[in-house]
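Colleague: I'm new to this one. Could you put it up and walk me through it?

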Amino acid sequence: MKKIILFALLISLKVFATEQIQDILIYNGKKYEWRNFNLGRDYIKKFNFKVHEDAIETTANYGFYTFTYTIENDSLFLTDITS
């Protein structure tokens, strides 16, 4: 019974969650939405970035920033941060 309740709870959270603005991954010249993995958030904390005064936090972007990553020569680069 506990498993059924947990499953129902997880499904309901997914249904009512606000979709987030996706980060961007550029690979072989194509842009892709990148979900669920973001090294940039650690980068911002490490270097103590300050949020721009005009930045607006919404339910669509809790972290203020959108990150763009590029894969070149089998390496991943953070190439842009926008707010």
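Colleague: Let's start with the aromatic rings: which residues do ring pairs link into a cluster?

Modeller: Rings of Phe, Tyr and Trp (its six-membered ring) pair if their centres lie within 6.5 Å. The structure holds two such aromatic pairs. Ring pairs link these residues into a cluster: Trp34, Phe67 and Tyr69.

Colleague: Before we go on, what kind of model is this, and what pLDDT do local features need?

Modeller: Residues are numbered from 1 along each chain as its sequence is written, and side-chain values use heavy atoms, with hydrogens and water left out. It's a predicted model, where totals for chains, interfaces and linings use all residues, side-chain atom pairs count only at pLDDT 80 or more, and local features need pLDDT of at least 70.

Colleague: Back to the rings, then. How is the pair of Trp34 and Tyr69 classed?

Modeller: A pair of aromatic rings is described by the distance of the centres and the angle of the planes. Planes under 30 degrees apart count as stacked, over 60 as edge-to-face and the rest as tilted. For Trp34 and Tyr69 the centres are 4.7 Å apart and the planes sit at 80°, so the pair is edge-to-face.

Colleague: Is Tyr69 buried or exposed?

Modeller: Buried means under 20% relative accessible area, exposed over 50%, and partly exposed in between (1.4 Å probe, protein chains only). Trp34 has 17%, so that residue is buried. Tyr69 is at 2% relative accessibility, which means it counts as buried.

Colleague: Which residues make up the largest nonpolar core?

Modeller: A nonpolar core is a set of buried Ala, Val, Leu, Ile, Met, Phe, Trp, Tyr and Cys residues joined through side-chain atoms within 4.5 Å. The largest one has six residues: Leu25, Trp34, Ile44, Tyr65, Phe67 and Tyr69.

Colleague: And Phe64, which residues does that one touch, not counting residues up to four places away in sequence?

Modeller: Phe64 is found in the loop between helix H2 (40–46) and E3, and at 21% relative accessible area it is partly exposed. Its C-alpha atom is separated by 5.5 Å from that of Ser83, 19 residues apart along the chain. Taking contact as heavy atoms within 4.5 Å, Phe64 touches Val51, Ala55, Ile56, Glu57, Thr82 and Ser83.

Colleague: Last one: how do the elements of the chain run from the N terminus on?

Modeller: The chain's secondary structure comes to two helices and four strands. From the N terminus on, the elements run α-β-β-α-β-β.
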